[in-house]
Amino acid sequence: MIVGGGIGLSLAVSTILLGVLYSNDTSADLICIAFGFWLIGWIIGPMLVGGEGSLKTEYFTLLPIVQRRLAVGLLGASFISIGPIVSLVACFSLIIYAARFGFWTVIVAVPAMLLQLVIFMLMSKVVLGAIGETSKSRLGLEFGALIMGAVIAFLNVGWYLLPAVNLFVEKPSPAISLAARILPSGWAMVAIEAVIRSHYFFAIAVLCGLALLCGLLFIVWVRLLSVSTTNEARINRYSRNKSLFLTCASMLTPKTSKIGVVVLKELNTWMRDPQRGRLLRMGLWTGLFYGLFVSFGGITLLMPWTGIVLVMFSCVFSNNLYGFDGGALWMSITTPGSERIDVRGRQFAWLLIVAPASIVISLIFLYFTKLDWAWVWVLSLLPSLLGGGAGLILFLSVYKIVPVTDPHRRGRGTIVSGDDMNAGKLFLTNLLLLALLFIATIPTLVILTLGTLLHQNLLKWTGVPVGLCTGLLIAWGLGRLAYRRLEAHGPDILSFMQCGGIVQSVDYKEAETEETFSNLSAGKSVLVGLLVTIGIIFTLPQGIVPIILKLLDVNVRSWFIALYLQEKAQIPVCIFFVLSGVSALIITRKIIRKQ
């Protein structure tokens, strides 16, 4: 929370600076666009961190409270947190901008600022509730995952749009300015500009429109609060919508095999469970939009890696399988000899979904990029990543399990977790997953690098069977370790998950809380967040990626710092970045282990 509040405060201060550093028209346009991103953040943020917060609607089901009064109370309670305070600081940019034009402009800016903040809050709650309702249909579930995948891909490769942003600052587009003011996030600025042009009645009308929109959003939210959200209705509606994918999978999977039954069960879970289904779809859509964004940006060099990015995001969003299942783990550990069958079935089911999608997308983007050298790299790395992912998501789900809210207690619009999940630990586990995925590709990378340096095409193409064998070996070995641990410590894992991460001793006289990110003090939390960010950026984008570009003799400098130096200093600086990033991650681990 502290790290997020610090990041949000820095963004709020940046929004205020937009009203100070630029000319009048440019500042107005940039503030409207910034408010549009704040609105998007308010819509997406609560879905990622638990949705409804600490006060859930279900807590008041048995109390004789009118829905309208309950909504007023929940709305008022939601203002008492870091998010609204940070957003209020960002909205203060309206007053800063209005102060340029006199007293009456500031008078109008004050209610416009407050109404804008209320719109942020109500829009977030309405969209959250609507997603919770639309998730009961397969189309709504797919659409929600598509939106989240597009946003995540934009956040990862959106910096390629910076040249377009600089062009807009130098030569603003009238169409973009008009669109930014048509959206509700720009109405407050419209009211201020009306006062500047002495259109006082229009300014009052815009303020009334803001108030009317707040009222309409509040009415819609009250309606959404009164809609039944029982799990039974959710499951029944899913059961009536059989997908073509499940039909084909049931035809291809032998029902007489025990592993086949687990595969079908897992596929049904991926398709029907709103939380796990949305997470997996988010990984697939993120990979696809990554390829589309870099294609639109003209970055041909990154297009062939679309399938690999899809696999990586699918692994991240599929991690902690047993944690997301909640207490259902008891059905596996109480059935003798089912641990191996359950683990292998989950691996096959995950590969059955991710492997075809990643292969098809990789082939499509490889064909359109016309980069002959990329074929051997992608076809070699893809099987090793698929096998490594199939093994790691089960291995870490057992050895680094993160207790998650049981399905019947999750918020309606929640995407990642409920309110009692240790998001910090899951974040670190996902970082560990990505690091282990990279380690899984090292044998393949060695073959490909040697073949590239020695200009031996035959040696490079031997990377394909090496990657395939590596993936199969990792999937088999890590899966074996996973079900062996389930056989030996299944009851302990279930107890750990049901107790929310608290491990009790055998005699129950003392309890120890596992070392987690949430146990850190405020100062150490900020330090760990900073070290993790430095470790990731230094190791991958500033270290490993430039080295690969140098080996492939690709002349693209982009944001890679080392490539702007002299030729002799580039590789040493890349190695320095890698060592610094790994050191930062090691220090992070030591800080957490000392708690």
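**Cysteines, salt bridges and a covered helix**

Analyst: A search of the whole structure finds zero disulfides, a disulfide being a pair of cysteine sulfur atoms within 2.5 Å. This is a predicted model, in which local features need pLDDT of at least 70 and side-chain atom pairs count only at pLDDT 80 or more, while totals for chains, interfaces and linings use all residues. Side-chain values use heavy atoms, with hydrogens and water left out, and residues are numbered from 1 along each chain as its sequence is written.

User: Ok, and is C574 buried or exposed?

Analyst: C574 counts as buried, at 0% relative accessibility, whereas C208 is partly exposed with a relative accessible area of 48%. Buried here means under 20% relative accessible area, exposed means over 50%, and partly exposed lies in between, using a 1.4 Å probe and protein chains only.

User: Switching to charges, how many salt bridges does the search find?

Analyst: The search of the whole structure finds six, where a salt bridge is a side-chain nitrogen of Lys or Arg within 4 Å of a carboxyl oxygen of Asp or Glu. One of them joins the side chains of D29 and R181, at 2.7 Å from N to O. Because D29 lies in helix α2 (residues 24-49) and R181 in helix α9 (residues 174-182), this pair ties together parts that are 152 residues apart in sequence. Helices are DSSP runs of H or I with at least four residues, numbered from the N terminus. Both D29 and R181 are buried.

User: Which residues are linked in a network of salt bridges?

Analyst: The network links K265, E266, D342 and R346. R346 is in helix α19 (residues 339-369) and E266 in helix α14 (residues 258-272), so the pair ties together parts that are 80 residues apart in sequence. R346 also meets D342, at 2.9 Å from N to O.

User: How far along the helix are D342 and R346 separated?

Analyst: They are four residues apart in helix α19, so about one helical turn separates them. D342 is buried, with a relative accessible area of 5%, and R346 is buried as well, at 4% relative accessibility.

User: Last topic, how many residues of α10 are buried?

Analyst: Eight of the 10 residues in helix α10 (residues 187-196) are buried, so that helix is mostly covered. Among the buried residues are M189, I192 and E193. Just after α10, S198 takes a positive phi of about 65 degrees.

Methods: Helix = DSSP H or I, 4+ residues; strand = E, 2+ residues; numbered from the N terminus.
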